[in-house]
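The following questions and answers are intended for a student who is learning to read a protein model. Please keep the sequence and the structure in view while working through them.

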Amino acid sequence: MSAAMRPMRVAAVEEPAPRVRTLRLEPLDGGALAPFAPGSHVELRCGERVNAYSLTSDPRDATHYAVSVLRVAEGRGGSRWLHDALAPGQEVEVGAPRSAFAPPAAARHHLLVGAGIGLTPFLSYVAHFERRGISYELHHVHRAGDGPHAAALGVPAPRLHLHRGRGAFAAALPRLLDEAAIGTHLSVCGPPAMIDEALGAARERGWPEGRLHSERFVGVEAPPGTPFRVRLARSGAELPVGADETLLEVLERAGTGLPSLCRQGVCGECRAGVLAGEPQHHDLYLSDEERASGTAIMPCVSRCASPVLELDL
Ligand code: FES
């Protein structure tokens, strides 16, 4: 685990959208919580798992943290545990907030686009922007049939623009980009294809890279896979990796001290060198060349296609 865990109490549970639970987490001792940078996330121990979730509460509110969790039926069970097993009043272990997607300070206006649960990093932006009078607009792309998440979480109506489905957003995107004021920064969080579409449309219009920001949202949890063994070259230890656990979880239990941040294959923090074996890449961090070379792996989501993977750890 990348940060010390602190026990907190689930003070309240809400369901702001179908398959989404928002948890209000308060310190057990009633003490104050540290403020965090907008766009930060925390790790939560979910039964046997540790998952990372964006903080959706006000970064300056020292009384509680809040996270919104999408239930992923086909995942490894972390989000199912938070939905099905965790009840108000229970304790849960929470890591310290970590910043990975802070709003660009140079922006004169923020054009924010969050698709589905990819909306969540922007909810802490909103509290920060409102307090400081920072100019922004938040576009939430949600599926037809699924309720819009943000409407229930207090985003001021004039700032919030809802798009029912990717098609509706794609139709609105050219106008949003063409009418954006000078100095606008575009920040997108959602599925990779939607991010590529939005950033690609901005690039076609000549937006410089420095005004484009994104956080890829892979799907919360790596899917289960085939068991294999991992060999740690420095100690010679060889450990089994079960079908429903990640390589990162096994390496953490083994005390390797490997850092992690997103636990979704996007940040690059958990990168490990591969000495032997056939990595099965599920991340969105490594380049095609790095994947082809077979010399690195992101253990939070990636696995091994051969019986044994030897790591430079
Ligand atoms: S923890 Fe971010 S890529 Fe693995």
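This is a predicted model: local features need pLDDT of at least 70, side-chain atom pairs count only at pLDDT 80 or more; totals for chains, interfaces and linings use all residues.

Q: Which residue in the hairpin of strand 13 and strand 14 takes a positive phi?
A: The hairpin has 5 residues between its two strands. A positive phi near 80° is found there, and the residue that takes this value is G236.

Q: What is the bridge partner of L232 in strand 19?
A: Strand 13 also pairs with strand 19 (residues 308-311). These two strands run parallel and are joined by 4 bridges. Within strand 19, L232 has as its bridge partner L311.

Q: Which strands stand at the edges of the open sheet, and why is one side of each left without a neighbour?
A: The sheet contains 5 strands in the order 14-13-19-15-17, and its pairing is mixed. A strand with a single partner strand has one side left without a neighbour in the sheet, so the edges are formed by strand 14 (238-241) and strand 17 (296-297).

Q: Is R271 buried, partly exposed or exposed?
A: R271 is found in the loop between helix 5 (247-253) and strand 15 (272-276). A buried residue needs 20 or more other C-beta atoms within 10 Å, whereas an exposed residue has 12 or fewer. R271 has 17 such atoms, so it is partly exposed.

Q: Which residues does R271 touch, not counting residues up to four places away in sequence?
A: Separation along the chain and separation in space may both be stated for a pair of residues. R271 and L123, for example, are 148 residues apart in sequence and 29 Å apart in space, C-alpha to C-alpha. When residues up to four places away in sequence are not counted, R271 touches A296 and M298.

Q: Is R263 buried or exposed?
A: R263 lies in the loop between helix 5 and strand 15. This residue has a positive phi of about 55° although it is not a glycine. Because R263 has 29 other C-beta atoms within 10 Å, and the cut-off is 20 or more, R263 is buried.

Q: How many bridges pair strand 1 with strand 2?
A: Strand 1 (residues 5-17) and strand 2 (residues 20-27) pair in the antiparallel sense. One of the paired positions joins R9 to E26 in strand 2. The number of bridges between strand 1 and strand 2 is 7.

Q: What is the phi of R19 near?
A: R19 lies in the loop between strand 1 and strand 2, which form a hairpin with 2 residues between them. With 15 C-beta neighbours inside 10 Å, R19 counts as partly exposed. Its phi is positive in a residue other than glycine, with a value near 65°.

Q: Which residues touch the most other members of the largest nonpolar core?
A: This core has 66 residues. F122 is among the buried residues of helix 2 (residues 120-132). Not counting residues up to four places away in sequence, V67 touches L23, V42, L44, Y53, S54, L55 and T56. The core residues that touch the most other members are V67 and F122.

Q: How many residues of domain 1 are in contact with domain 3?
A: The chain is divided into domain 1 (5-99), domain 2 (109-216) and domain 3 (228-311). The C-alpha centres of domain 1 and domain 3 lie 26 Å apart. Domain 3 contributes 5 residues to the contact, and the number from domain 1 is 5.

Q: What is the radius of gyration of the chain?
A: The secondary structure comes to 6 helices and 19 strands. For 313 residues the globule rule gives 20 Å, and the chain is close to this, so it is as compact as a globular protein of that length. The radius of gyration of the chain is 20 Å.

Terms used:
Residues are numbered from 1 along each chain as its sequence is written. Domain bounds come from an automatic or database domain assignment. Two residues are in contact if their C-beta atoms, placed from the backbone, lie within 7 Å. The radius of gyration is taken over C-alpha atoms; the globule rule is 2.2 Å times the number of residues to the power 0.38. A nonpolar core is a set of buried Ala, Val, Leu, Ile, Met, Phe, Trp, Tyr and Cys residues joined through C-beta atoms within 7 Å. Two strands pair if DSSP finds at least two bridges between them.
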